[in-house]
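Here is a briefing on one predicted model.

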Amino acid sequence: MKQVLLFTDLGIDDAFTILYILFRDDIQLVGIVADYGNVTRDKAMWNINYLKYITGRHEIPVFLGASIPLTGKGIKTFPEVHGEAGLGPIIPPKINYPVYPLGHIHYMKNIDFKNVTIINLGRLSSLATAFVLKIEEMENVKEYICMGGSFFYPGNVTAVAEANFHSDPYAANLIVQYAKNLTIIPLNVTQNAIVTPDMVNQIDEFHQITRDPAGLIIKPMLDYYYNFYSHSNPGIEGSPIHDFLTVWYLLHPNSVELSKVPIKVIPDQGDGFGQSIVDLRAKPDPDFKMHNVAFQFNYELFKNDIINTFLKKRFT
């Protein structure tokens, strides 16, 4: 069983990712770190606890992550993409959740990092802070998988920068410089990780019968998500669930094409702020670090796996 510590700024694709994990029996969530990003850290925590509540998975530890970036700039959330609370049209009820956060990330002393994969779905501020505070422990992590960056492809915040790297390029560059066994799943790949309306409807029809609340929230969330993308990307055939591809890669590494290349994130102010670049010269700049970057994946297997995972009773 894969052990995963998940960092999330919990929006719609993050929620889909967590639900996918909780529908399976081959991943163990050893903890979830709540970050700012798609929503504020407080709303991310609210959403995490809501997902724990409707799935009955109260035992999963939750940690408070970063609430602001290392740049010192204010944060920008994206209600037009993810909804007011981060779950599309769903506003989690105000109830007394049975599990509360354990504390900031540097108190995660009960995790055996040698057996853990850290997956970062959002901004990298929390993970970078963990390196600053606990570099020895972070060097022992089994592997890192991060959604971020954009290589040979337009950005989604600026002409050249993807949101996770652009929001805190200082943090992103720190991870690139110091993380070992790092795989980056960039925007140029995740933009093709499409969940179609037909897939959503199949999942919803199944859970209209099972009445599992975890399955029933998928359609309203992804319908909201697709409404945004169908306007911003006319002709797109479904919702690109960017963050999900990190977890899917963990379980299907042979179905994702990687290249080990020297990369860097631009932290300097200007038009290139937050841009991720590759140095393909015969003798790359030594400031560029070699890491695995995804460039292709098996979409047919991707679609079938999602359907096969959600069209069954949830693992508990």
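The largest pocket holds about 480 Å³ of space. It is lined by 27 residues, and Val81, Asn156, Ala163, Tyr229 and His242 lie closest to its centre. The model is predicted, not experimental.

**Largest pocket: lining**

- Three helices each give at least two residues to the lining of the largest pocket: helix 3 (79–82), helix 6 (163–167) and helix 11 (218–232).
- Which helix supplies the largest share of this lining? Helix 11 does, with 4 residues.
- By class, the lining of the largest pocket splits into 12 nonpolar, 10 polar and 5 charged residues.

**Second largest pocket**

- The volume of the second largest pocket is about 250 Å³.
- Its lining has 14 residues, and those closest to the centre are Gly74, Ile75, Lys76, His166 and Ser167.
- That lining comprises 6 nonpolar, 5 polar and 3 charged residues.

**Strand pairing around strand 11**

- Strand 9 (residues 256–265) runs antiparallel to strand 11 (residues 289–297), and 8 bridges join them.
- Within this pairing, isoleucine 263 is opposite lysine 289 of strand 11.
- Valine 256 has phenylalanine 297 of strand 11 as its bridge partner.
- Strand 11 also pairs with strand 6 (residues 182–185), here in the parallel sense and over 2 bridges.

**Other strand pairs**

- Strand 9 has a further antiparallel pairing, with strand 10 (residues 276–278), over 3 bridges.
- In strand 10, serine 276 stands opposite valine 265.
- In which sense do strand 1 and strand 2 pair, parallel or antiparallel? Strand 1 and strand 2 (residues 27–34) are parallel, with 7 bridges between them.
- Glutamine 3 stands opposite another glutamine, residue 28 of strand 2.
- Strand 1 (residues 2–8) is mostly covered, with 5 of its 7 residues buried.

**Aromatic contacts**

- The model has 15 aromatic pairs.
- One of them joins phenylalanine 244 and phenylalanine 302 edge-to-face, with 5.6 Å centre to centre and 65° between the planes.
- This pair links distant parts of the chain, 58 residues apart: phenylalanine 244 belongs to helix 12 (residues 244–251) and phenylalanine 302 to helix 13 (residues 299–310).
- Are the two partners buried or exposed? Phenylalanine 244 is buried because its relative accessible area is 0%, and the cut-off for buried is under 20%. Phenylalanine 302 also counts as buried, at 0% relative accessibility.
- Which residues do ring pairs link into a cluster? The members are Phe16, Tyr20, Phe23, Phe244, Trp248, Phe297, Tyr299, Phe302 and Phe310.

**Charge over a ring**

- Over the face of which residue does lysine 73 lie? Lysine 73 lies over phenylalanine 273, at 4.6 Å from the ring centre.

Conventions:
Residues are numbered from 1 along each chain as its sequence is written. This is a predicted model: local features need pLDDT of at least 70, side-chain atom pairs count only at pLDDT 80 or more; totals for chains, interfaces and linings use all residues. Side-chain values use heavy atoms; hydrogens and water are left out. Rings of Phe, Tyr and Trp (its six-membered ring) pair if their centres lie within 6.5 Å; planes under 30 degrees apart count as stacked, over 60 as edge-to-face and the rest as tilted. Buried means under 20% relative accessible area, exposed over 50%, partly exposed in between (1.4 Å probe, protein chains only). A charge sits over a ring if NZ of Lys or CZ of Arg is within 6 Å of the ring centre and within 35 degrees of the ring normal. Two strands pair if DSSP finds at least two bridges between them. On a 1 Å grid over the protein atoms alone, a cavity is a set of points where a 1.4 Å probe fits but cannot get out, and a pocket is an open set with protein on both sides within 12 Å along at least five of seven lines; lining residues have an atom within 4 Å of a point. Grid points are joined across faces, edges and corners, and a volume is the space filled by probe spheres set on the points. Ala, Val, Leu, Ile, Met, Phe, Trp, Tyr, Cys and Pro count as nonpolar, Asp, Glu, Lys and Arg as charged, and the others, Gly among them, as polar.
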